[in-house]
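Hello,

Here is the structure I said I would pass on. My notes on what was found follow below.

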Amino acid sequence: RVGYDLKADRLLLHTFQPEEALEELLSTGQLIPDPSRAEPLFADAYDWMLREMDRRLPTSGDGALWFWARITREYLVDSSRCHRGDVLLTCRTPRERVLLSHFSDWHRALGCTPHVLELPGDYGARLDRIWDELNERKRAAGVLHKGFREWPEDLRRDLERSWEQFLDPSTYGRWDVVQATAHVLRAEDVIGAVRLG
């Protein structure tokens, strides 16, 4: 078992980074994200996450570094196989410098779809109602088949508010996979580095 404690003052985090990122970390003492590496297809979700980081964290920046904050050992090993040539950094980072998010639910933001908490009761009916309301509002605004950036501001804002729920660790299940984002990684936070050959 990996000793993850999402309430700890310093969180155990893992991140896969290219070799040149390790060189930057060693030479400058910090790693700053390169915003150009963000997937353009998901620009709206990344933009929202950066705004939330700026609002919730004492740090600031133009990009986000991504970490695993709670993941199974098996998944971490499998992911390592997909990152041959990169470096796996293991860190202990102050909790206040990272924003946690639920990994699976993050895909709601990536798909620009509403996040609906699974509460006791008829989840399916609630989900259908929320989707129907969203589609009706999009239809009324003439943006039913248009991209997120073309939606009216109030509609985008309401959808983004639903995403805030998956930033709340109190809603995570005991075995849920959790990710974290940070504006910067400092060399003193790194406790291990493994080159993946």
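**The largest pocket**

The model is predicted. Its largest pocket has a lining of 37 residues, and those nearest the centre of the pocket are Phe16, Gln17, Tyr46, Ala64 and Trp66. Six elements are listed as giving two or more residues to that lining:

- strand 1 (10–17) and strand 3 (65–70)
- helix 1 (19–28) and helix 2 (43–56)
- helix 3 (73–81) and helix 4 (103–110)

The space in the largest pocket comes to about 1000 Å³. By residue type, its lining holds 22 nonpolar, 8 polar and 7 charged residues.

**Helix 6**

Helix 6 covers residues 153–163, and its buried residues are Leu155, Arg156, Leu159, Glu160, Ser162 and Trp163. Viewed down the helix axis, these buried residues fall within an arc of 150°, so they line one face of helix 6.

**Cysteines**

How many disulfides does the structure hold? The count is 0. Cys91, for one, is in no disulfide: the nearest cysteine sulfur belongs to Cys82 and is 20 Å away, whereas a disulfide needs the two sulfur atoms within 2.5 Å.

Is Cys91 buried or exposed? Cys91 has a relative accessible area of 0%, and buried means under 20%, so Cys91 is buried. Cys112 has a relative accessible area of 17% and is therefore buried by that cut-off too.

Regards

Terms used: Residues numbered from 1 in each chain as written. Predicted model: local features only at pLDDT ≥ 70, side-chain atom pairs only at ≥ 80, totals over all residues. Heavy atoms only, no water. Buried < 20%, exposed > 50% of the residue type's maximum accessible area, 1.4 Å probe, protein only. 1 Å grid on protein atoms, 1.4 Å probe; cavity = no way out; pocket = protein on both sides within 12 Å on 5 of 7 lines; lining within 4 Å. Points joined across faces, edges and corners; volume = space filled by probe spheres on them. Helix = DSSP H or I, 4+ residues; strand = E, 2+ residues; numbered from the N terminus. Nonpolar A, V, L, I, M, F, W, Y, C, P; charged D, E, K, R; others polar. Arc of directions from axis to C-beta.
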